[in-house]
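The structure comes before my entries.

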Amino acid sequence: MKISDILQLTEARVVCGSFSSQTEVERAFSSDLMSDVLTLDSENILLITGLANPQSIRTAEMADIHFILLVRNKKATEEMIRLAEENHITLMETPFSLFRTSGILYQAGLMPVY
Amino acid sequence: MVIEQTYFIRGGDFSHAGDASSKVKKLLKQLGVDARKIKNIVIALYEAEVNIVAHAWEGMIRISIEADRISCTLEDKGPGIEDIGQAMVEGYSTASKEVREMGFGAGMGLSNIKRNTDVLEITSEVGVGTKVYMVNYF
């Protein structure tokens, strides 16, 4: 699914990062538990999380995840933005809940990791 | 050629948890190590680094990179682990609420480390600290 579609469907905004209009992710994973994220084998995924602290960015960095969607109106901190920019991670924010966000994107065809 | 690095880790300093693992990742990338291998190494190292921040008072990470492997030794001064066998069980955790708020503390750290390393040795003395030695072959 195109990042531009994800933004539109979840009424999200981009906090930092750059991507083309054709950039896509294959699958998504929703979790506030970073150890769960660190068990994933998939490539090219979107991390949907309500965890608004630097560990979500560090986890994405270690797991080679380049797109993070923060849910339930959580705001990225300056430290998070700094780390995301340093590691070429695109950070987005949606006002929707984790459940609603996941439901909308799943219904629109974004595949789960498992 | 052997490359050696040492990083100091402060217990409880969650805002910097992962800094050392991040530096190691960048170093391995520069050395041209396979991306898949890098991911295994840094996931294990990051979980182990978070463990020091979450449980210990302070710690050191020493890494040594040789032609065919990376060895990481993480030594901390802290409460130690009473029963390593139990700590290895997925879901068992002694983490604080603060650690859970950071997105960890669900008892998956050590099993994540084991899954991502070729050699893993953990020794610990209650009231003194814990030593984690891990090796990944390239």
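I counted a contact when heavy atoms lie within 4.5 Å. The model is predicted, so I required pLDDT of at least 70 for local features and 80 or more for side-chain atom pairs, while totals for chains, interfaces and linings use all residues. Residues are numbered from 1 along each chain as its sequence is written, chains are lettered from A and ligands numbered from 1 in the order written, and side-chain values use heavy atoms without hydrogens or water.

**Entry: helix α4(A)**

Helices are DSSP runs of H or I with at least four residues, strands runs of E with at least two, numbered from the N terminus. Buried means under 20% relative accessible area and exposed over 50%, with a 1.4 Å probe and protein chains only.

I looked up α4 (residues 78-86) of chain A and found Met80(A), Leu83(A) and Ala84(A) buried. Down the axis of α4(A), these fall within an arc of 100 degrees, so they line one face of the helix. I took that arc from the directions from helix axis to C-beta atoms. Glu78(A) and Glu85(A) are exposed on the other side of α4(A). The cover over the buried residues includes β1 (13-16), α3 (54-62), β4 (67-70) and β5 (90-93) of chain A. After α4(A) comes His88(A), with a positive phi near 55 degrees.

**Entry: lining by element**

I then asked which helix of chain B gives the most to the lining of the largest pocket. It is α2(B), with 7 residues.
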